[in-house]
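Thanks, everyone, for making the time this morning.

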Amino acid sequence: MIPTLEWTEEGVKLLDQLRLPANVEYMLCRDYQDVARGIKDMIIRGAPAIGVAAAMGVALGVKRSQAKTRTELDPEFDRICATIAGTRPTAVNLFWAVERMRRAYLAAGDDMAQIKERLEREAKQVYAEDIAINQAMGRHGALLMPSEGRVLTHCNAGALATAGYGTALGVIRAAVEMGKRIEVFADETRPYLQGARLTAWELQQDGIPTTVITDNMAGHFLRNGGIRAVVVGADRIARNGDVANKVGTYSVAVLAKENNVPFYVAAPISTLDLTLATGELIPIEQRSPREVTHIKDVQITPEAIGVANPAFDVTPNRYVTAIITEHGVARAPYEESLPRLAGAPKGVGGAGGAD
Ligand code: MRU
């Protein structure tokens, strides 16, 4: 799999996900403003990838700074963090990463060269950890996948949404590596088509059989199509297990429950927001109407029609069969299992009614 993003001497390289699958091209971000634009414009997207890009953006901002002393750098550092944090509101990994970089900055001493080196090291560590976390999640989640049959996913929660391997698609990859014969049904995911363009592309590269369906076909296939499980990623999970993910996830979850199909969410601990009691408190990003009215440059709606474009929805915890993390698998009651899992050392088994 080609890298989603990369720290290089010239700057941060982001695989341009708006141009996939037709073109495999990188955007070179020479300063932190470029990284912020890349996140906002969805050149890079997916909660964990946004977190890694944010960490690299902060490190790049500090690296490029002309400040001579820490006192001079302090206000600039705050501006860098605020710009990166102001890009997208729902994926909590963004804020988690900025806070982690701030802690590294505070611990870095006064020497400018050392501060720059420390932040670069931290960003590279966030990147490397993300891949290891996804692989651990894959090992836990693969055990929940059927030994053969169809698994449905929504949006892209794969290598492209992370530093590598993926969350929901990491679970599928690990299951396939274990010898399970899985066929993926991928919702196309209007309006950005992450399923049709990105999930389909990366699974095809891995040789995992994949069928793309339009979002409104999910109910039909959950009822009649032999779907054995649903697995999706998440952008933010509240303390009670309510899950914010790409808009359309909620409908899939309700239809899965109606048809007795287990609905799994795969997300790293950094996607948990234990400060929020319920999903109602999760901020939902509203994006430009143009994403709905146009496909590329072609207008598909009448001129001046009203449009709504929430980028995410919240699935109440009662529809969630289990939440797969790098620390293990949490089940209801999530108020108990999630905090326990979040505090558990890496690699331990489960929490709550966990596997
Ligand atoms: O708007 P996007 O493309 O950033 O939304 C991505 C999703 O909703 C993913 O499903 C989610 O971030 C999980 S990614 C591992």
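This is a predicted model: local features need pLDDT of at least 70, side-chain atom pairs count only at pLDDT 80 or more; totals for chains, interfaces and linings use all residues.

As for the bounds, domain 1 covers residues 5-134 and domain 2 covers residues 137-342.

How much area is buried between domain 1 and domain 2? The figure is about 2600 Å², and carbon and sulfur atoms give 55% of that area. In terms of residues, 29 from domain 1 are in contact with 34 from domain 2.

Turning to the polar side of this interface, the rule finds 20 residue pairs in polar contact across it, with both residues of each pair at pLDDT 80 or more. If you look at domain 1 and ask which elements give two or more residues to the side that touches domain 2, they are helix 2 (47-64), helix 4 (92-106) and helix 5 (112-142). The largest share on that side comes from helix 5, which gives five residues. By residue class, the side of domain 1 that touches domain 2 is made up of 19 nonpolar, five polar and five charged residues.

How many salt bridges does the rule find across the interface of domain 1 and domain 2? It finds one. Please also find R88 and E285 on the screen, whose side chains meet in a salt bridge with an N to O distance of 2.9 Å.

Let me move on to the aromatic side chains. Over the whole structure, the search finds three aromatic pairs. One of them is formed by F77 and Y105, which are stacked, with 3.8 Å from centre to centre and 5 degrees between the planes. Because F77 lies in helix 3 (residues 70-85) and Y105 in helix 4, this pair ties together parts that are 28 residues apart in sequence.

Finally, some points on the backbone. A cis peptide bond joins R190 and P191, with omega at about 0 degrees, and P191 sits in the loop that runs between strand 5 (181-187) and helix 7 (194-206). A cis peptide bond also joins A332 and P333, again with omega at about 0 degrees, and here the proline, P333, is in the loop between strand 16 (328-330) and helix 11 (334-343).

And where does M42 lie? M42 is in the loop between helix 1 (32-40) and helix 2, and its phi is near 65 degrees, which is a positive value in a residue other than glycine.

Conventions
Residues are numbered from 1 along each chain as its sequence is written. Side-chain values use heavy atoms; hydrogens and water are left out. Domain bounds come from an automatic or database domain assignment. Contact means heavy atoms within 4.5 Å. Buried area is the accessible area (1.4 Å probe) that two parts lose on being put together, summed over both. A salt bridge is a side-chain nitrogen of Lys or Arg within 4 Å of a carboxyl oxygen of Asp or Glu. A polar contact is a pair of N or O atoms within 3.5 Å; within protein, one must be able to donate a hydrogen and the other to accept it, and residues adjacent in sequence count only if both atoms are side-chain atoms. Helices (H or I, at least four residues) and strands (E, at least two) are DSSP runs, numbered from the N terminus. Ala, Val, Leu, Ile, Met, Phe, Trp, Tyr, Cys and Pro count as nonpolar, Asp, Glu, Lys and Arg as charged, and the others, Gly among them, as polar. Rings of Phe, Tyr and Trp (its six-membered ring) pair if their centres lie within 6.5 Å; planes under 30 degrees apart count as stacked, over 60 as edge-to-face and the rest as tilted.
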